[in-house]
Amino acid sequence: MERTRWYKDMVFYQIWPRSFCDGNGDGIGDLQGVYEKLDYIQSLGADGIWFSPLYPSPGIDCGYDISDYMNIAAEYGGMEWFRKVLDGAHARGMKVIMDLVVNHTSDEHEWFQKSRRRVDPYTDYYIWRPKKANGKLPNNWDSNFEGKAWQYDPLRGEYYLHLFAVKQPDLNMDNPLVREEVKKVLRFWLELGVDGFREDVITYISKAEGLPDDHLFPVYKGMPKYNHGPHIHEYLSEFRTDVLSHYDCMTLAEAPLVWPKRALEYIRETPNSEIDMMIQFQCMCADCLFSDYFHLPFSLRRMKRAFSSWQNKLEGKAWNMLYLENHDHPRVVSRYGSEQYRAESAKSLAAAYLFLKGTPFVYQGQEIGMTSWYPEHSDMYEDVQTRNQYRNLPESRRLPKLHQASRDSARTPMQWSDEENAGFTSGKPWFYVNRNYTEINVAQQENDPESVLNFYRKAIALRKALPVVKDGIYRELHPLSNRLYMYLRQTKQQQLLVVCSFSSKAERFRMPKGFTSGELLLGSYPDEEPGVLRPYECRVYLKQGD
Ligand code: GLC
Ligand code: CA
């Protein structure tokens, strides 16, 4: 089947289902709720939805611990509601992609339950190792969430590997039967009509031969031994050849610790490329080192370096996935912007990434400039990763760190209105609602032409109307500035200039040559002050001809 690469014209909206919209009043977001909001999603100009996991799951990692890959959880409305939402999206010309989480399953998955009892053919579905005589663990790897990466199972009398939580055992992808299971899952959803997959930590699925100790990494020990492992390309090609190539679908790979050169091994555009786009983390490391765990002050230059590097190095070779938020990071306004200049900085951030070359993803709530949630006590966090982070610190030092790093910061219910529970549910919400919902909510922003929401709409509409946003070459101006982000997009016919301030003071700036006659298409302040940008102001200019 021909790959039309339809995603290049699109903007995606990410739904994290538990907190999006509750349709039946039990306090948990669900597909009934999504169904009611399809018109809203479309009104943003989004053409596609990425669903974080909707499958049956014990929920210890909010659905990223799957116990049945070919079903939809009852709490989300089951298969019946999924079909309705899928049809409703397709009827609006929108695509739907699912989260494919196959590095690990839930320990409650039938495969694991059989594997621990050595029931064939499941015996080697997971990565089991015997106890060592000296009492040591099979190797020195850390899990990403909960202590060491090994858990002893008394029933089987062996250890199993879990790169994430204890209840998320890693699948043994070296076993061809496991790969067949993955292909069955892919086929199942594609046959049902879904349009592609976001592949969860997919670069982790092939572990180094013999699972050797790691002597390199001080934390997340082991990562170099399983990230981009020895058979990764073989397995992804197999999924492509055997299943994906028979559908005109899209794949998006989550890839921690990846840089453009590495990414090209997966996404370089050839008829057989394994993957279409990558979720890289460099754009999320402008205020941290390597992951949210090691916080640093925000540096605009770091952000710009990451953006420019991916823009330049993928040019003509592969396609970028663009994002600033998802369910794994605190809200971007609180990180890269300013809560004091919330609306202004939300708009500047939007313009900074929405006019780059690639396919943008918007995470629920980002489009209204939702801010991070700051609970009063660390006990209030739900997330399994957060609960284990900085555990050795006293509460007074731990809490501020969690405020900066926790994934729960962006997992509070979507703020629809200033009604009770932010209009998210008529029942008791499963999680805390951010108290600022009375000021920051969709209903209020619908009525304000200058709102963040309406800025997103305008920016997305513009990006779709202008071929230069899809096709133009990217060129950064003043890369050393730590206050302004300025870039050009250029084709023979058009030039676009994007100017974003990340400063809370007025900043002078000079238009590049020839742009004085440019037309102001979009701005975050109602009027234009020549040569000066007010706090966090952004503007987009167009010039015809080169
Ligand atoms: C990915 C997901 C994250 C999840 C983890 C383990 O990073 O985005 O939410 O906890 O994988 O599945
Ligand atoms: Ca519900």
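This is a predicted model: local features need pLDDT of at least 70, side-chain atom pairs count only at pLDDT 80 or more; totals for chains, interfaces and linings use all residues.
Residues are numbered from 1 along each chain as its sequence is written, chains are lettered from A and ligands numbered from 1 in the order in which they are written, and side-chain values rest on heavy atoms, with hydrogens and water left out.

Grid points are joined across faces, edges and corners, and a volume is the space filled by probe spheres set on the points. By this rule, six cavities of 30 Å³ or more are counted. The largest cavity holds about 480 Å³ and is lined by 27 residues, of which Asn144, Glu254, Phe281, Asp328 and Gln385 are the closest to its centre. Its lining comprises 13 nonpolar, seven polar and seven charged residues, where Ala, Val, Leu, Ile, Met, Phe, Trp, Tyr, Cys and Pro count as nonpolar, Asp, Glu, Lys and Arg as charged, and the others, Gly among them, as polar. Strand 11 (residues 291-295) contributes the most to this lining, with three residues; helices (H or I, at least four residues) and strands (E, at least two) are DSSP runs numbered from the N terminus. The second largest cavity, of about 80 Å³, has a lining of eight nonpolar, three polar and no charged residues, including Phe307, Trp310 and Tyr353. Helix 9 supplies the largest share of that lining, three residues.

Open space was treated separately, a pocket being an open set of points with protein on both sides within 12 Å along at least five of seven lines. The largest pocket has a volume of about 330 Å³ and 15 lining residues, with Ser143, Asn144, Phe145, Tyr293 and Asn388 nearest its centre; five of the lining residues are nonpolar, seven polar and three charged. For the second largest pocket the volume is about 280 Å³, and among its 13 lining residues Phe281, Gln282, Cys285, Phe290 and Arg302 are the closest to its centre. Helix 9 (residues 300-314) gives the largest share of this lining, four residues, and the classes divide into nine nonpolar, two polar and two charged.

Aromatic pairs, defined for rings of Phe, Tyr and Trp (its six-membered ring) with centres within 6.5 Å and classed as stacked under 30 degrees between planes, edge-to-face over 60 and tilted for the rest, number 41 in the structure. The rings of tyrosine 35 and tryptophan 81 have centres 5.7 Å apart and planes at 75 degrees, so this pair is edge-to-face; it links helix 1 (residues 31-36) with helix 3 (residues 78-91) across 46 residues. Tyrosine 474 and tyrosine 487 form a tilted pair, with 5.5 Å between centres and 40 degrees between planes, and both are buried (under 20% relative accessible area, with exposed over 50% and partly exposed in between; 1.4 Å probe, protein chains only). Lysine 37 lies over the face of tryptophan 416 at 4.0 Å from the ring centre, and the charged end of lysine 95 sits over the ring of tryptophan 6, 4.6 Å from its centre, the criterion being NZ of Lys or CZ of Arg within 6 Å of the ring centre and within 35 degrees of the ring normal.

How values were computed. On a 1 Å grid over the protein atoms alone, a cavity is a set of points where a 1.4 Å probe fits but cannot get out, and a pocket is an open set with protein on both sides within 12 Å along at least five of seven lines; lining residues have an atom within 4 Å of a point.
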